[in-house]
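User: Could you walk me through the sheet and one of its loops, please?

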Amino acid sequence: SANPYFEPLPVEEGRPVQEDSHADGKVERLYRSGRCEVLYATGTRKDVLPSGLQTVFFCNGDVKQTATSRRVVYYHAEADTTHVSEPD
């Protein structure tokens, strides 16, 4: 089930309109919605929405989401715990 602390991400919107591969193995994909997906050689994936919401999916199962309000939600997969940091 979905983690209630995270803001939902859009459903996949088809093929990217632009894709750039870098020498370090990083791949950047831009979608029609304005969403940018960055795939790293380590297996980590970052989604950046036009709103500024950033979500990072780590290969160990951890997930970190940073909102433009600087609110950070971090899910620790191994411990199955979610930590929320609100800006001061």
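Here are a few questions and answers about strands, hairpins and one arginine.

Analyst: This is a predicted model, where local features need pLDDT of at least 70, side-chain atom pairs count only at pLDDT 80 or more, and totals for chains, interfaces and linings use all residues. Residues are numbered from 1 along each chain as its sequence is written, and side-chain values use heavy atoms, with hydrogens and water left out.

User: What is the order of the strands in the open sheet?

Analyst: Strands here are DSSP runs of E with at least two residues, numbered from the N terminus, and two of them pair if DSSP finds at least two bridges between them. The edges are strand 1 and strand 8 (81–85), each pairing on one side only. With antiparallel pairing, the eight strands of this open sheet run in the order 1-2-3-4-5-6-7-8.

User: Which residue in strand 3 is the bridge partner of R29?

Analyst: Strand 2 and strand 3 pair in the antiparallel sense over four bridges. For R29, the partner in strand 3 is E37.

User: Is R35 buried or exposed?

Analyst: R35 sits in the loop between strand 2 (27–30) and strand 3 (36–39). Buried means under 20% relative accessible area, exposed over 50%, and partly exposed in between (1.4 Å probe, protein chains only). At a relative accessible area of 3%, R35 is therefore buried.

User: Which residue takes a positive phi in the hairpin of strand 2 and strand 3?

Analyst: That hairpin has five residues between the strands. With a phi near 100°, the residue is G34.
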